[in-house]
Amino acid sequence: MKEHVSGVTGAEPRIDGRSARWNDHRVARREELIDAALAAIDEFGSEVGMDQIAAAARTSKPVIYRYFADKNELYRAVGKRVIARIVEALLGVPPEPDPRSLMLASIDAYLQLLDEHPQLFRFVAQNRLFGDPTAIEFNNPVAEVLTAALGEQLGAIGFDPAGARPWGAAVVGFIRAASLWWLDHPKSMTREQLTDYLGALLWGGGAGIFQLAGREVDARPAPGVFRPR
């Protein structure tokens with residue numbers, strides 16, 4: 001007598017083609033609406049409203065809410081996209097054997113994106129919908145990239161890479177605060193000047209670590225970064 005196993009037929013589960021197509025459409029349409037929100041923020045500023053986003057998307061708010069539960073969900077999706085751009089920019093920095101050059105290149109890549117899309121950065125960094133104020137959602141993904149790079153540098157000179165974790169978090173907070181200041185005072189410094197200035201301040205501590213490892217590095221700022229009165 002053959003045993004009957006309930007619910008086991010050996011057949012592959014059937015895929016509902018219509019459901020798969022709808023899911024694909026939904027994902028694609030969400031991405032299009034995020035693109036429209038990014039464009040609206042670039043044009044209208046960090047205080048952009050849903051009416052302006054709907055106009056940029058050439059649709060209506062009720063249609064947007066078919067794809068996002070509410071404004072907060074759309075704004076968070078925008079924030080994740082902006083953060084992904086920052087992470088991508090940092091990952092795209094060419095490897096530099098000189099730690100000082102690597103630090104300057106990373107700061108410049110960060111500030112370049114900020115320079116090109118200041119309203120997007122302000123939207124993510126200051127929007128209260130993200131928390132207090134985006135400490136986890138903004139800082140962590142960026143800090144992870146810097147922590148990995150700094151950890152490699154520490155490991156290369158014989159120190160525990162785990163020490164890069166608080167260092168990476170501190171660097172992100174430092175640059176983020178200075179960047180927000182720069183957004184409010186864009187004529188105070190050029191991007192190149194700010195890169196050199198922040199790099200000089202951050203390198204001072206980093207240089208001490210390399211000196212401790214017996215490396216001959218110069219902790220002094222480059223000539224001209226700090227101007228005499």
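A salt bridge here is a side-chain nitrogen of Lys or Arg within 4 Å of a carboxyl oxygen of Asp or Glu. Side chains of opposite charge can pair when their charged atoms come close. Arg 220 is exposed, with a relative accessible area of 59%, while Asp 218 is partly exposed at 36%. Those words have cut-offs: buried is under 20% relative accessible area, exposed is over 50%, and partly exposed lies in between (1.4 Å probe, protein chains only).

Before going on, a word on what you're looking at: this is a predicted model, where local features need pLDDT of at least 70 and side-chain atom pairs count only at pLDDT 80 or more, while totals for chains, interfaces and linings use all residues. Residues are numbered from 1 along each chain as its sequence is written, and side-chain values use heavy atoms, with hydrogens and water left out.

How many salt bridges does the structure hold? There are nine. One of them joins Arg 81 to Asp 35, with the closest N and O atoms 2.7 Å apart. This pair links distant parts of the chain, since Arg 81 sits in helix α4 (residues 71-91) and Asp 35 in helix α1 (residues 17-44), 46 residues apart. Helices here are DSSP runs (H or I, at least four residues), numbered from the N terminus. Asp 35 is partly exposed, with a relative accessible area of 40%. Glu 31 comes into the picture too: salt bridges that share partners join Glu 31, Asp 35 and Arg 81 into one network.

Another salt bridge runs between Asp 115 and Arg 191, and there the closest N and O atoms are 3.8 Å apart. Again the pair links distant parts of the chain: Asp 115 is in helix α5 (residues 99-116) and Arg 191 in helix α9 (residues 191-212), 76 residues apart. Asp 115 is partly exposed at 40% relative accessibility, whereas Arg 191 is buried at 17%.

α5 and α9 pack at an angle of about 145 degrees, with their axes 9 Å apart. The axes are lines fitted to C-alpha atoms, for helices over the stretch in contact, and angles run from 0 to 180 degrees between N-to-C directions. The crossing of α5 and α9 is right-handed, as the near helix is turned clockwise from the far one by less than a right angle. Who meets whom? On the α5 side you'll find, among them, Met 103, Leu 104, Ile 107 and Leu 111, and on the α9 side, residues including Leu 194, Leu 198, Leu 202 and Trp 203. Contact means heavy atoms within 4.5 Å. By class, this contact of α5 with α9 has ten nonpolar, three polar and five charged residues. For that count, Ala, Val, Leu, Ile, Met, Phe, Trp, Tyr, Cys and Pro are nonpolar, Asp, Glu, Lys and Arg are charged, and the others, Gly among them, are polar.

Stay with α5 for a moment. At 1.5 Å a residue, its 18 residues should span 26 Å, and its end C-alpha atoms are 26 Å apart, which agrees. The expected span is 1.5 Å times one less than the number of residues. Buried residues in α5 include Leu 102, Met 103, Ser 106, Ile 107 and Tyr 110. An α-helix has 3.6 residues a turn, so residues three or four places apart point the same way.

α5 has another partner in α4: their axes come within 9 Å and cross at roughly 145 degrees. This crossing is right-handed. Here Arg 85, Ile 86, Ala 89 and Leu 90 of α4 make the contact with Ser 106, Ala 109, Tyr 110 and Leu 113 of α5. By class, that's six nonpolar, one polar and one charged residues.

Arg 215 and Ile 157 are 58 residues apart in sequence and 8.4 Å apart in space, C-alpha to C-alpha.

Last stop: Arg 58, in the loop between α2 (50-56) and α3 (61-67). Arg 58 has a positive phi of about 55 degrees although it is not a glycine, and this residue is exposed, with a relative accessible area of 82%.

Note on methods: Helix = DSSP H or I, 4+ residues; strand = E, 2+ residues; numbered from the N terminus.
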